[in-house]
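Welcome! Take a look at the sequence and the model first.

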Amino acid sequence: MTVMPRPSILSVEPYVGGESKVPGVNRIIKLSSNEGAFGPPPGAIAAIAAGAREAHRYPDGGAAALREAIGARFGLDPARIVCGNGSDELLAMLILAYGGEGTELVMSAHGFMMYDITGRWAGCHIIKVPEKNLTADVDGLLAAVGPRTRLMFLANPNNPTGSILAQSEVDRLRRELREDVLLVLDSAYAEYVTRPDYDPGQRLVDATPNTVMTRTFSKIYGLGGMRLGWAYAPAAIVDVLGRVRGPFNVNASAMAAGIAALAEPGWIEASVAHNTEWRGKVAAALEAAGLKVWPSEGNFLLVDFGGAERAKAADAHLRQRGLIVRAMGGYGLPACLRITIGNVEECQMVIEALTAFSKNG
């Protein structure tokens, strides 16, 4: 008899990241992983290079300087910030610490795939709640909560749909959610949101003992390859995360890059302005070509081709031109492709390719 894992592990479908190569195509434009349009900030690149000289040294296990920088940038108490190897690690730590065998994790039907994957890994029963117009349904989420529910995850804005829940609805969700259920607000795309009523989660974290906000450096800061994320949480939850995280879970280069990225003059402003402009331009152009584009508050668009076969044909058409986007079959949206907002040239290439496809397809 071979050694066997817990049964819940075998129910996990491994996460497949965005592709980066197309056989036979020399120039690749990767728009499949929602990476920042401009790459890493110059200061972060310099910090990574400088850090190579100290690569033999262990990093600061408490990420003190990085937490101070995050706290200063966002007006938060550094003592209530926990840094991780990407926000994925922090999501996993929360699930393992507060979930496990015999518990339930509630999420929206098209929420970020890692909630499902890590929840199954931990042994949770995953409850996926149908959405309304690809937007989380607060009444449905609340109705799904049962005696064994311990965790609820809400990505806001949501990946892959791009939808956002009004702040009043997020507040109602927390207010009507049972007190012993941990609400995790995944705000990976927070920096791209321009709505005046939006709060990424810090207000609810400050007001309640059972809410956590997670953030990332992988999107607007262009540091996906560094794997750097952070969480803001009540002191009691910070204590729990400190007990379960690895002693050196964030590498020194990632911390240096994160500190430098936070300090890069004008980076956020320029990135948001570009994203807002070109997200609108790409959406308008694709709609003019007869395609359905779902409203988005992130740095990507979800394009609906009306059927799975047409979406596959569009994907193949884009690949022939070196444009790699993300098929959404794994998210239960086989008729859709998710397309990252790249730089100006890349956005124009997407518009030209899909306009031609729509005319001829």
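A residue is called buried when its relative accessible area is under 20%, exposed when it is over 50%, and partly exposed in between, using a 1.4 Å probe and protein chains only. Glutamate 169, for instance, is partly exposed, with a relative accessible area of 26%. Please keep in mind that this is a predicted model, where local features need pLDDT of at least 70, side-chain atom pairs count only at pLDDT 80 or more, and totals for chains, interfaces and linings use all residues. Residues are numbered from 1 along each chain as its sequence is written, and side-chain values use heavy atoms, with hydrogens and water left out. Helices (H or I, at least four residues) and strands (E, at least two) are DSSP runs, numbered from the N terminus.

**Salt bridges**

- A salt bridge here is a side-chain nitrogen of Lys or Arg within 4 Å of a carboxyl oxygen of Asp or Glu, and the count by this rule is 20.
- Arginine 172 forms a salt bridge with aspartate 139, with the closest N and O atoms 3.0 Å apart.
- Because arginine 172 lies in helix α6 (residues 167-176) and aspartate 139 in helix α5 (residues 138-143), this pair ties together parts that are 33 residues apart in sequence.
- Arginine 172 is buried at 16% relative accessibility, while aspartate 139 is partly exposed at 46%.
- Arginine 172 also forms a salt bridge with glutamate 169, again with closest N and O atoms 3.0 Å apart; both residues lie in helix α6, 3 residues apart, about one turn of the helix.
- A network of salt bridges links Asp139, Glu169, Arg172 and Glu176.

**Aromatic rings**

- Rings of Phe, Tyr and Trp (its six-membered ring) pair if their centres lie within 6.5 Å; planes under 30 degrees apart count as stacked, over 60 as edge-to-face and the rest as tilted.
- The whole structure holds 8 aromatic pairs.
- Tyrosine 58 and phenylalanine 248 make a tilted pair, 4.9 Å centre to centre with 35° between the planes.
- That pair links distant parts of the chain, 190 residues apart: tyrosine 58 is in the loop between α1 (42-51) and α2 (64-74), and phenylalanine 248 is in the loop between α8 (235-244) and α9 (252-263).
- Tyrosine 58 is exposed at 68% relative accessibility, and phenylalanine 248 is partly exposed at 44%.
- Phenylalanine 305 and phenylalanine 357 have ring centres 6.1 Å apart and planes at 80°, so they form an edge-to-face pair.
- Phenylalanine 305 is buried at 4% relative accessibility, and phenylalanine 357 is buried at 7%.
- Ring pairs also join Phe112, Tyr115 and Phe153 into a cluster.

**The sheet**

- Two strands pair if DSSP finds at least two bridges between them.
- An open sheet of 4 strands runs in the order β9-β10-β13-β12, with antiparallel pairing.
- β9 (292-294) and β12 (326-327) stand at the edges with a single partner strand each, so one side of each has no neighbour in the sheet.
- β10 and β13 (residues 336-340) run antiparallel and are joined by 5 bridges, with leucine 301 partnered by isoleucine 339 of β13.
- β12 and β13 pair in the antiparallel sense over 2 bridges.
- How many residues of β13 are buried? It is 5 of the 5, so the strand is largely enclosed by the rest of the structure.
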